[in-house]
Every structure is written in structure tokens, then in C-alpha cells.
Amino acid sequence: MSIIIAIGLNFLAANWLAINKKSLGIATLLSLLIITGSLLIAGFYFDLSWDGQWYQQAAVYNLAETWNPLYKPLNTPDGLNHLSILHFPKNSWYFAAAVTRLFGSVEVGKAYNVIALFTAFGVVYPLCRSFNLPPWQSVVFTALVLLNPVIWSEITTYLNDGDLYLFLVVYLASVVSWLRTPKLVYLLLAVMAICCLVNIKFTGLVFVLISSFFVFVYILIKKRELVKTFVLSHIIAGVMALCIFGFNPYITNLINRGHPLYPLMGSKQYPGVFDKGIDDNEAYETPKNMKGKSLPMRLIYANFGYPGNAPYNGEDTARLANPFLTSPKSWSAYHFHETRVSGFGPYFGILLILATVALAVLLIAVKASRLPVAIFLLGLCSGLSLSNHFWWPRFFPMLWLVPLLPLLLWWVYNANRLAHNSNLRGVTINSLAWLFAICIGINGIIVAAVHIRWETVSSINLRNELQKIHDTKRPIDVDYGWFKRATEEKLNRWNIKYTPTSLGTDTTASKLTSVVKGYPNQILYKLK
């Protein structure tokens, strides 16, 4: 129904938005192909992430059954009333619940990630073309934007940090397109991106506020005639995002717990984790030698370190390393869905250094870019400074855009200025830009290839293991620890009878493919 309604609304609004109906028809067919392909891809892969198996799949199952979080926000049908399920934003879960009901498999719900990827491509590419970049160059730059390792480490899971990045990219690209050509369609895209961002994660709300504030500053300086439209559209977007699409959790949290951002923040009666002084990320997710350190020091370790996942995988501390000497042996760290040290790729530290030098040179040469670049960097630094935990790539995936900024300036400068002057300097700048683009691409492809290979092999192995257990026609004892609902649903889907038990000390128990080796809570089972 949602697809039919969306297609109908698009065609009804075609004249209003000055969109050619033939182009809209082609776009509709492509969209249907993308949705179909996304569902097939998602259905092939199992969600083997820690959080996905812990509470996110459980949330989707509850929503796909009888749970209505608007009327009964504090009680799920299966009684698994985890704080994250009850009180976190649910945008991707609503989509997943709908397709889970339709296809009978929770795995297809991850198609949301793939669809969001194509959505971002469809907004970034035309923005590049508006800067007079050739089609092939626009494709390359858009691909580099979407090669963010956070996306490709989570695309087959219910983790949503990659989605956060994608919708923020959609928002920024839409707003910039609107500032260049004030068409209503760009503003509508920005409003829809805000609704998705705010309801992906709580930090989405924070990043929207920061981004829109700095865009507003730019408008005040350079585009004052657009102030009224910008403010009005963002007020409407805020009301829709928080009070309609985000009624749960923002309004239900406020009503039931006294704060819209509960359980991060709370009230006197229901204190949040910050009010209690609890910081699980610092206690359990941060390398030992980074605890208590300033954010700049954490960022140095995170981006100039040996690829690793301390404090897990037998590692206690993060290790600084010469990024030029990184070994492929260390790339197994990218099996993890949320790689901590060098999570943006083994050569990202080098790219940051080169980008800083290139950006300084370009800002001297290209005066027109100084204001927008300064505002972009101020916004980025403002967001980055909000939490000491934003050293971790999954929490601040926007850092990936830093090396891309001078690349865009290079190519725009070459397209608009040097194209009319075929001197050696222009050839040199363009060659350097392409070399830099290739380095960014190689760095991102390393992470994507290593991780997707692990996901593919692991999904095939798990499917074979479940089939093998099913073929024995024997019940099993299973120790699933924290992964109760996700594991039980898998076993039920494969018609495997099971008895939950503890097998932690049983040396004869077998491992069922679940989380990455090095993480706790490996699922164990034993045939009866």
C-alpha cells in the first residue's frame, strides 16, 4: 500500500514540482527494481551484529505481531521490555516490521539500509552535476561518499549508524541543491530526510539541529531572501519528525518518563543513564589506554592506530602505528560491525593529513569557497565536540567527509576555472585529484571487501548449520545468552526443537555461527 500511495502521490505532484512525467516513470521503474533487489540482498544475509541479535530483531518481531507502541509504549507482547526497545526511535523498525509480516522473515527488514544507500546516490549525484562535474566524475565522487566503512560494516544488519550518515548526507545535499536552485522538490527532500534522521537515532536529532543551525548561519550571510522559507520549512519538519512520525519515542517518553530522550536523559522520578553517572561506553566499549583521555587524544588513537577492536578480541589497548606499514593481516579487524581503531580504513590517517594540506592550499587559491568550507568545518567540529565517544566511527560517521571536501573543491575548481586553460598546472591539479580519489577508494574498498566477505561466508555457514541440525530431526540444547528472541525465532523458522540451557563449561558443545569471533556471547548448542 505504501508503494502504491507513494507512486500515486509522485505522479499527482509531478506538475506542481515541475517534474517530467516520462522521467518520473523511469524513476518509478528503477525504484521498484531497487526495492526488489534490496529485499533479495537483505534476505540472503543473516543479521549477525551484537545489538541486532540482542534487542533490535526482538523489537521488529514485536512490532510485526500485535505491539502498537503508540497505545502501549511500555509493554511488548513477548514481555521483553528492554529500555532500548521501548524508548529508542523506531523508523527502520517500522519498515522492517511491515516487510517481516509480508515475507515472513525478519532478515528482509534490513533492505532499509540498501534502499537508503540508493536514496543518497540519487541526491548526491545531481548535486555534483550542478557543480558542472562530468557524469563519470560525479559518479565517482558520489560512490566515494557512499563508500563510508560505517555503511558497509552495517549494511547487512539492523545497526543504524550507516543510515544516520546516509540521511544526513541526503539532508545536506538537498539543502545545498536548494540554495543553488531554490526548487520546492529539494526542500521536500530535506524535510523528509529530517523526519528519517530524527527517528533513526537520538543523535540524529542532535545532528539535524547542528547542521540546520550552520546552514541558517550561511543563509543569513549569503542568502537572506531564503530565511523565511528555510525557517518555516524546518519548523514544519520538526513538528512532523517529533510529534507525528516520532510520537513514539519522543512524546511517549515525555508522557511516561518525563523526558523525550529517556533513557539517555530522564526526570527526577525516572533518572536517565547520564543522570545516574553511568557510562557503559566508557566502561565496556573503550580501549583501556583511551579511557579518561581527551577527545583529540582518542581521535589520534582511533585514526592513526593499528586496526583493532580493543577491549574485545583479546586486545586491551589501542596501539598507535605507522599507517604506511599497516599489514593485511590486521585487516581481519574489519570483520567486526563496529571496528573501533582505524575503523574508517587502514589508511584513513594518511588521508586526513593529505586532506588538511590540500584544503589549506585550496582555500588560499579559491577565495569563493572559504565561507562555505569554514561553516562546514565549524559544524563538523561542533558535532564532534559534543561527546568524548565520537572518536568511535560508528558514533560519528560524518568524519569520512573530511578527505572528500578538498577533492570536491579540486574537481569543481578544475571544472569551472582550469577547463578553459589547458596549461600544465591544470593537468597537474587534476592528476593529483584523481590520485587522491583512488587512495580514498582503495581505503574504503578494503573495509567493505573484508567485511562483506565475512558476512557472506558467515551467512552461508549459518544456513548450512541450521539445515544440518534440521536434517538430524533431533532436538538440541542451546545456550543463546543475550540473544533470546532472535535465536528462538531462527530455530522455530527451521523447525528445530530446542531447550534453553547453559553450555558455557561443556567442551563437547558446538558453536552456531553468530557474532564475530572475539565478541562475547557466542551461541552454543548440543544435539540431544
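A residue is taken as buried when its relative accessible area is under 20%. By this criterion, in the predicted model, helix H13, spanning residues 247-257, has as its buried residues Asn 248, Pro 249, Tyr 250, Thr 252, Asn 253 and Arg 257. The cover over these buried positions of H13 includes several helices, namely H4 (83-87), H5 (91-103), H10 (184-198), H11 (202-222) and H12 (227-244). Just after H13, Gly 258 adopts a positive phi of about 80°.

When neighbours within four places in sequence are left aside, the contacts of Asn 303 are with Phe 344, Phe 348, Gly 349, Leu 352 and Leu 399.

The nonpolar interior was examined next. In soluble globular proteins, nonpolar side chains tend to be buried together. In this model, the largest nonpolar core holds 99 residues, of which Val 145, Tyr 165, Leu 404 and Leu 407 touch the most other members. The most to this core is given by helix H9 (residues 161-180), which supplies 12 residues. Apart from this core lies another one, of 22 residues, including Trp 50, Leu 462, Val 515 and Tyr 525.

Leu 407, one of the residues that touch the most other members of the largest core, is in contact with Phe 141 and Leu 144, as well as with Ala 433, Phe 436, Ala 437 and Ile 440, leaving aside its neighbours within four places in sequence.

Terms used:
Residues are numbered from 1 along each chain as its sequence is written. This is a predicted model: local features need pLDDT of at least 70, side-chain atom pairs count only at pLDDT 80 or more; totals for chains, interfaces and linings use all residues. Side-chain values use heavy atoms; hydrogens and water are left out. Buried means under 20% relative accessible area, exposed over 50%, partly exposed in between (1.4 Å probe, protein chains only). Helices (H or I, at least four residues) and strands (E, at least two) are DSSP runs, numbered from the N terminus. Contact means heavy atoms within 4.5 Å. A nonpolar core is a set of buried Ala, Val, Leu, Ile, Met, Phe, Trp, Tyr and Cys residues joined through side-chain atoms within 4.5 Å.
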